[in-house]
Amino acid sequence: MYEQISHSLLNDILVELKKKTKPQNMQFFYTRLGANFYAIYSLFNTLYGEHPDSKKHILHLVETLMHQYISRPSHLKKIDLEREKDHNWFLSQKWIGMALYCNGYADNLKDMLSRLNYLQELGVNLVHIMPICDCPEGKSDGGYAVRDFCKIDSRFGTFEDFDKLITNLKKRDMLLTLDVVVNHTSDQHEWAKKAREGDKAYQDYYFIFDDRSIPDIYEESMPEVFPETAPGNFTWDEAMGKWVMTVFNRYQWDLNYRNPEVFIEMLDIILFWANRGADILRLDAVAFMWKKMGSSCQNEREAHLILQLMKDCCQVTAPGVLFIAEAIVAPTEIIKYFGEDAINAKECEIAYNATFMALLWDAVATKKATLLNKGIHNIPSKLERATWLNYVRCHDDIGWGFSDADIVTAGYEPLSHRRFLVDYFTGNYEGSLATGLAFGRNSETGDARISGSLASLAGLERALKNNDPDAINMAIKIILLLHGMILSFGGIPMLYYGDAIGTLNDDSYLNDESKNDDSRWIHRPKMNWEKAMQRTQPGTVEYSIFNAVKKMISIRKEIPAFADRNNRELLNVDNPHLFVFSRFDQINSSSRVLVIGNFNDEPQFLDLSPLQRMGFFQYDSIKNLCNGESLHAMNGNLMIPARSFYWLEA
């Protein structure tokens, strides 16, 4: 779009930059800058237009974009061009992710090279390596308290190790996802050190106050993220003699995005990792980026403007790179992190489908899909060029983020239902075999989230301990049912390392003083490669889970209807224990898959007559795509085994 003021400013900026830049092949940079500059200028002006040095800062911003474009390796620029031509490439059903800690899955980055074959054997081709930036030992928050954004922590390896891993991933056609922690830094970051020494410029990088008067106003409306381990949102820094905002932990200082220099610094860091070869960048804690007195300081409009500006800037320098929004918020809020646009994602192309994850676990506990069906119906539709990241477990806890209104509609009382879920997954409910731990318990409300590995929450740990073959089999069924849902729902499925071999809770974290107050470490284990070898031994738990998941992944990749193109239809059925939806191929609309999940401990029957009136099952045989077998209805009903699922050719 041509707009006189912004383009006049752009001309002035380019004249200034030409004085500082040697001649380069800048054709694509100038084309993209021209196409995006009006949006960049408008967003920057909205956020920082009243800043006294606004023009100087926007010059600095464009200079940063140009510098990173010049630094971008030629093979990555080639990928950018390919992805611009096929801009929906990430919506394909072929992508299967796995999230892992490089020193948990392997020993370090170097050792990961010898472990990539496991991922390929399973069918994983998108690897999310959890944070690897330099962090203080003992105060790292699992890598999210960054001391140096542009340095790899020595515990993980070197840039030489990283580059070798990247090269190997590319040869295998595997994508890499990395984290950028955009909301805060470690209190040992260089910026924090300079602020502590009294440098006013760097004190303005954070929220720093002489006394409690302003912090107390913020506290009136700000919730506590970790009420047990980090109560309150401000910490007194003795060396500085001031209060600093610390929403997550006392050693993590929140960045002040009201300062344009902070935005430019963080954008530079995002582009730094894009230029190191990341295909996808997971932007951590994006919901918290803008702080405003009198609000919860979450999901503010300005946080969305910052993300839009980051995306527009990345489109200029590294358009082939995608963003994941790590925003674990209510469904009505999470959808906004795609960007409120008719078609394209203005902010992040990918967002965590935390609501779907929590609803799946609710169905496991209640043995019913009632709330699951209600909750999914009320998740707003995503944009065309955007997708969900669907997962069963991740490095974080499980929060019960579905709405009270949905809980009531499903026939439950919100407070007591959430307490039931906590009791169920901590094994404090009659009949539950789950062995999770409560996390972040709020003493006032009784609310809590849940820590624990997938297998332990599904009952496998207690079943093995009791040497109960039936319970072991049922736990395996639950694990496969949950994977069957995320692999077929629509989006990018993100597995968690260890889940494909039934890894149990690991309580060794209790022996580490820096971790023993955080129960989430119970599901951040060291990969047991001896147990992983059991995946080749028929009759073992590892064999049963791994090979079933592997087969599901292989079949998913062959089914065009599983690509994410807003091609899912939820179906209401009379049986409350069943979750049923169809997927269809937009090119060949007659090609459909009916997905059925039974969350009950007993077999359930599905009445086929309403589905047949909708055009499903027009032939005598019903083909189960997971094994190629034909199923047969009895008296117009199809039997779905306990804790099982079907992908049916419909």
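**Close-up 1. Asn373 in helix α16.** Asn373 is found in helix α16, which spans residues 370–377, where helices are DSSP runs of H or I with at least four residues, strands are DSSP runs of E with at least two, and both are numbered from the N terminus. This is a predicted model, in which local features need pLDDT of at least 70 and side-chain atom pairs count only at pLDDT 80 or more, while totals for chains, interfaces and linings use all residues. Residues are numbered from 1 along each chain as its sequence is written, and side-chain values use heavy atoms, with hydrogens and water left out. Asn373 counts as buried because its relative accessibility is 15%, buried being under 20% relative accessible area, exposed over 50% and partly exposed in between, with a 1.4 Å probe and protein chains only. When neighbours within four places in sequence are left aside, Asn373 is in contact with Leu578 and Phe579, contact meaning heavy atoms within 4.5 Å.

**Close-up 2. Asp153 in the loop between β4 and α8.** Asp153 lies in the loop that runs between β4 (148–152) and α8 (159–171), and with 2% relative accessibility Asp153 counts as buried. If residues up to four places away in sequence are not counted, Asp153 touches Ile132, Cys133, Asp134 and Cys135. Ile132 is 21 residues from Asp153 along the chain, and the C-alpha atoms of these two residues are separated by 6.0 Å.

**Close-up 3. Helix α2 against helix α13.** The axes of α2 (residues 27–48) and α13 (residues 301–317) come within 8 Å and cross at roughly 165°; axes are lines fitted to C-alpha atoms, for helices over the stretch in contact, and angles run from 0 to 180 degrees between N-to-C directions. This angle makes α2 roughly antiparallel to α13, since angles over 145 degrees count as roughly antiparallel, under 35 as roughly parallel, 65 to 115 as roughly perpendicular and the rest as oblique. Residues making the contact include Phe29, Arg32 and Leu33 of α2 and Arg301, Glu302 and Leu305 of α13.

**Close-up 4. Helix α1 against helix α2.** Helix α1 (residues 4–20) packs with α2 at an angle of about 130°, their axes being 9 Å apart, and the two helices are therefore oblique to each other. In this contact, Ile5, Ser6, His7, Leu9, Leu10, Ile13 and Leu14 of α1 meet Tyr30, Leu33, Gly34, Phe37, Tyr38 and Tyr41 of α2.
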